[in-house]
Every structure is written in C-alpha cells, then in structure tokens.
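Please look through the sequence and the structure shown below. The paragraphs after it walk through selected parts.

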Amino acid sequence: MTNRLAAATSPYLLQHRDNPVHWQEWGEDAFAEARRRNVPVLLSVGYAACHWCHVMAHESFEDETVATVLNERFVSLKVDREERPDIDAVYMSAVTATTGHGGWPMTVFLTPEGEPFFCGTYFPRDHFLRVLAALDEAWRTREDEVRASGTHIATTLAGALRPPTPYAVEPNALSSAVERLAREFDTVAGGFGGAPKFPPSMVLEFLLRHHARTKDTLSLDMASRTLESMARSGMYDQLAGGFARYAVDAQWVVPHFEKMLYDNALLLRAYTSWWKVTGDPLAERVVRETAEFLLRDLATPEGGFASSLDADADGVEGLTYAWTPAQLQGVLGEDAETAAELLVVTAKGTFEHGASTLQLPVDPTDQSWFEGVRSQLLAARAGRPQPGRDDKVVTSWNGLALSALAGAGAAFERPDWVEAARRCASHLLEVHLVDGELRRASRRGTVGSARAVADDHGNLAEGLLVLYQVTGETAWLDAADGLLQAARAFAAEDGGFHDTAQGAESLYLRPRSAADNAEPAGQSALAGALVTLGAVTGDSRALEAGARATAAGLGLAVREPRFGGWSLAVAEALLTGPLQVAVVGSGADGDALEQVARRSPSPGLVVVRGEPDAPGSPLLADRPLVAGRAAAYVCRGMVCDLPATTPEALAAQLTP
C-alpha cells in the first residue's frame, strides 16, 4: 500500500512511497493535521544520491515498529532538499546551531506551527526509537516547555542569521583572501583543509581569475596543484570521466561515489579556465571527458540534465567503480599487471574488501594502449550493477551546466556541446517557466509545483547570457534579462538577495545564504549574472546592482574565502572592468579574432560576435568594420581601445 508520496515528482520521495510510514509532502494540509491531532511533526530531509539516507530508510522507515510509533504519535513529512532548498536551508541552520554539525539525512522535530525543537541527522534504528519515545513523552507531559524551546530556537536563529556588513570590492580584499587560502592549502595533495575533502570549484575559479588579473604565482600554483591532483585521483572517474561528490580522505583516493550535476558543471568550467590560463593537456582531457560524461550519463530525453547518479549500486557503495587485481586479470589478461601499476590497483586495496579505486598518478607512456585498456574495462564495468539516476531536472544546476557546456564549446570549438546547451536552455524556458513564474524542478517533462529560488534565477540567467555570447541569438539575452527583472522580488535592503521571493511560502525564518558551498549561493549567483548582463548590454544599472550584491557577500568571503569562492570570482570580474569584446565581421579574419577572445583567461570577459549594428545586440552598435575588414573592439570599464584587426593586437589588448 502506498502512502501520500505516490503522486510526487521527486525520485527521492518516490523511493519512500511504499514505506509503512504515513509520509506526506510538505504543505499546509500536513501542519493542519498536526494541529488538529496536537502532535509533533517529523521532518526528514534527504536526496536520492545520499548513501546514509538510504541506510536510515532501510533500517527505520521500512520497519513496522518504527512506522507504528511515527504514525500514532507524529505527522511525518518527507522533503527532497534538491527540490526545496529553502526548507532545507532554514532547518539545516537549526541543526548546525543546536548540534554543531549538519548533513543528510536531516531529522528535525517541529511544533505544529513549524518551529524546530529537536534536531539531528542519521539515527540508527534503536536510537531512533528511543528518541521517538522521549519526544513523545515530553510533548504529552511538558508541551509548554517543548513549544517554548522551539520558539527560543527560532527567535535566536532569526537574530543570529543577520547578513554580514557589506565589504568594498577592492584589490587588497582579494589579495587578503588569497593569503588566507594559502594558510589552509594542502601543499602535498592540493585542496584546502583535511578529510573529508570537497572539490573547491568556485575557489579555484577565483584563484585562476586572480592570477589572470594580477599574474600572482601563488594563486596559480594552488589552483593548478589542486586541479591536477583531483584529475589524477580516485575522485575522478578514470574510465568514463566525471567527478564524484567528494573524497573521504585528504589525498583524494577514496571518493563518496555519488556524481552530482552541479559539481561536474562547475568543475567543467574550472578546468576550461585552467586550460585557458595554462594550455595544460590534462585540463583539455578532463574538459573533454567531463563534457562527454554530462552528455552521455546525465542528459535527459527532454533536453535537460539529470541531478545525480547514486553512490550505491545494489545497496553497495562503490560496487560499480572499484577493482581488484583479479578482476583486472579477468578482463585484461597479460595487460593486467601493467594496468594495475598504472591505475594503483593493489593486492591490499585502497578502498574496501581488497578493492581499489582507480587513480592515474602519471600519464601512460603508450596512450593508444591505454585507450584500449580503458575501453575494455569500461565495457566490463557496464555489465556490473549500475548506480541509480535521479532524473529530476533542477533549474539552477541546469543553468550551471549550460554555462559550462556553452563556454567550453566555444573555447574548444565543439558545436555539439553548444547545441546541447541550446537544447537545455530551450527545455528550461519551455517547461520551467509557468505563466511567467520560474519553477524549481521538473521530471520527464512535468514541472513541479515548487517555486524557483534565488540561485535558480541567477544560475539560469548566467547560463543564458553565456549562450547568447556564444551563439549571438538574442532570444537568450532577452530571457536572461526577464529572469533578472523577476529577481527583484528577492532583493534585500543592503543590495544583496534573500533565497526566497517576497510573497513566497512563509517559513519560521526567511532564508538567506551568504556562503558559497557546493554551488553558488543565490546572492552570489544573482550578483554574477547581473554583472554579466551589465557587461553584455552596457547597462550601468545592472552593473551597479551586481556590484552592490557582490559587496553584500564579500565580508564573509574575505574572512572565510573557502565559503565565498563565487563572490570572490565575481569581484575579480568587477575589478577587471568588466572587460567587453565586440567582434564584427565574418570570414576567416573574424574567426581568428573571435578565437583569441574566447580563449582569453581575463576575468569576467564577455565576447559578442556579429555584424555591425546587429539588432538586439547592444555591444555591436556603432562598431563598424575597419577598412572593410573584421575588427575587435575592446572596452574595459566602459572605456574603449582602438579597434584591433589582427589576433596579435587583440591578444595584447586583453593582457592586463
């Protein structure tokens, strides 16, 4: 018998539809029932690729004893954090404030009015039953105390989560952020801090932009060492491309095997930037393989990109990906020993049960031989149990994907990647815009009811602006402008942005994320998109709004730069001008100028190509050909150089 999750669009919620727990989706009906019965609410938040969410589901939510207690004494709500990041954010703030740490599954008990009074994450079955019994007894015998506790937590958090004071966008602030990062940098394995170690995608983008603006060698060294270490590690899929969510160790050897769209989109962008700065062939290989991973494993038939691949297969983490020497022998025969040495597959194993993750510390001496080995191993791996796929299409993450694919497609002259970005953009605008209002997610062409949050607007707008620059199709510019006009509903008094729009569903506090974590915060996503919009249109109001939003997030970013990577990256674009290049003219001369511009690592560079005075493209207005020849017009901070007519002259103008 299914519960009330059977009609959900979220694959994570659908995984729980046959639980004996009487789950409900988040909504007023559930809270009305809790008030009518006068019982607490269990809020369980997770996502489809979460390993410990599955463990707790098997141990507790599929258990009849646990279900009986929950059904009799609580109203139980199940939320997909990817579909409702606003709910996740406000209750995760309570979890971290009261327990000192956070994570998923998130387990929070609420009053019928939605105030949190007891918070946790994963609970083993027996411990969970004891918690349920204690909370039920407390509610029945000391309800007033429990309610007072919830009110105290809510009031305290509302006061503590005030945004930091805005911080001026100026060069010393960004240099200071680099110095702080250097103090936490792992000089051996790259990255920042110890285990678990997450890919610092946006921080790397900042460091590469900082180097491109200042020629600072420290920032480039930290970025390059980290990018190379990750690319050669067990966190990167050495057979099929694509990055796992994070490494459980400081050396990047053993990943948590789930693969997320947002990680791979952000890393695709970072490796493209690294290649623009250094021309490193490793960067080019990772870009190519990661783009192929997105198109092969995460593309949906409708044109969008799925959210994730699970860490588990048949309930076993890493089952698809790990190898023993015997397994290599069974596939490769006489080549197995050489392959094992190259890929660090040891007799003891680097993972669990004698198995190893695949690493590639050095490049093979015979690349054609290695490609044959990869092909054989990948074919054999295809016969193993495969991880599940969460095919939910999230607006924000798809915006990141279309930015990365369109940008990489232009840099590497891959029209197929650009076309994939175009299909993605079309799908999002056709399905996720409902009566002018942006929605958060869809699945199999059916859009969900959850309203989009700030990062959805910012990341999609940024992606559309990149696509406009690459294709010259003004429909993408118009759509981005519309999204950023709508984002005014998220505005805060200090120039920053709340995560939810004015008039959105009221939670016990209005979320506002100042920190960039696994993806850009809504505030920094909108700041970056506004700066890009201002650059491609010359609209000083958009630039000013972007600058104010950047300043609103920069205080935290400078103090804690590991959690402000995108704010810092946007600040680099502002300090560089921003930098605009308009290339006019067709033919080989125009192509050569465009290639120089698109491969430039200059921070925040925008490039528009077309005929002089092309309608709908402000940067092409009043940009004539020069003596009948193609030309490039470079403007920095709305101040323009003389037009360049040769690649060499343009490259010189783009060099700080």
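What follows is a tour of strands, rings, cores and backbone details.

This is a predicted model, in which local features need pLDDT of at least 70, side-chain atom pairs count only at pLDDT 80 or more, and totals for chains, interfaces and linings use all residues. Residues are numbered from 1 along each chain as its sequence is written, and side-chain values use heavy atoms, with hydrogens and water left out.

We begin with a strand. Helices (H or I, at least four residues) and strands (E, at least two) are DSSP runs, numbered from the N terminus. Buried means under 20% relative accessible area, exposed means over 50%, and partly exposed is in between, with a 1.4 Å probe and protein chains only.

Two strands pair if DSSP finds at least two bridges between them. E3 pairs with E1 in the antiparallel sense over 5 bridges, and Leu42 stands opposite Phe109 of E3. E3 also pairs with strand E4 (residues 116–120), again in the antiparallel sense, over 4 bridges. Here Leu110 is opposite Pro116 in E4. The hairpin of E3 and E4 has 5 residues between the strands, and within this hairpin Gly114 takes a positive phi near 95°.

Next comes another strand, E17. E17 and strand E19 (residues 631–636) pair in the antiparallel sense over 6 bridges, with Val584 opposite Ala631 in E19. With strand E18 (residues 606–610), E17 pairs in the parallel sense over 5 bridges. The bridge partner of Val583 in E18 is Arg609.

What kind of unit do E17, helix H23 and E18 make? Together with helix H23 (residues 587–598), the strands E17 and E18 make a right-handed β-α-β unit. A crossover is right-handed if, with the strands pointing away from the viewer, the path from the first strand over the helix to the second runs clockwise.

Now to the aromatic rings. Rings of Phe, Tyr and Trp (its six-membered ring) pair if their centres lie within 6.5 Å; planes under 30 degrees apart count as stacked, over 60 as edge-to-face and the rest as tilted. A search of the whole structure finds 22 aromatic pairs. One of them joins Trp26 and Tyr91, a tilted pair with 6.0 Å centre to centre and 55° between the planes. This pair links distant parts of the chain, 65 residues apart: Trp26 is in the loop between helix H1 (11–14) and helix H2 (28–37), and Tyr91 is in helix H5 (residues 85–99). Trp26 and Tyr91 are both buried. Another pair, Tyr271 and Trp274, is edge-to-face, at 5.9 Å centre to centre and 70° between the planes. Both residues of that pair, Tyr271 and Trp274, lie in helix H11 (residues 261–278), 3 residues apart, about one turn of the helix. Tyr271 counts as buried because its relative accessibility is 0%, and Trp274 counts as buried because its value is 2%.

Ring pairs also link Trp23, Phe61, Phe74, Phe109, Phe118, Phe123 and Phe128 into a cluster.

A nonpolar core is a set of buried Ala, Val, Leu, Ile, Met, Phe, Trp, Tyr and Cys residues joined through side-chain atoms within 4.5 Å. The largest nonpolar core has 158 residues, of which Phe128 and Tyr271 touch the most other members. Apart from this core lies another of 27 residues, including Leu77, Tyr91, Leu507 and Leu509.

Some backbone details remain. A cis peptide bond joins Gly577 and Pro578, with omega about -5°; Pro578 is in the loop between helix H22 (565–576) and E17. Asp613, in the loop between E18 and E19, has phi near 60°, a positive value in a residue other than glycine. Asp613 counts as partly exposed because its relative accessible area is 47%.
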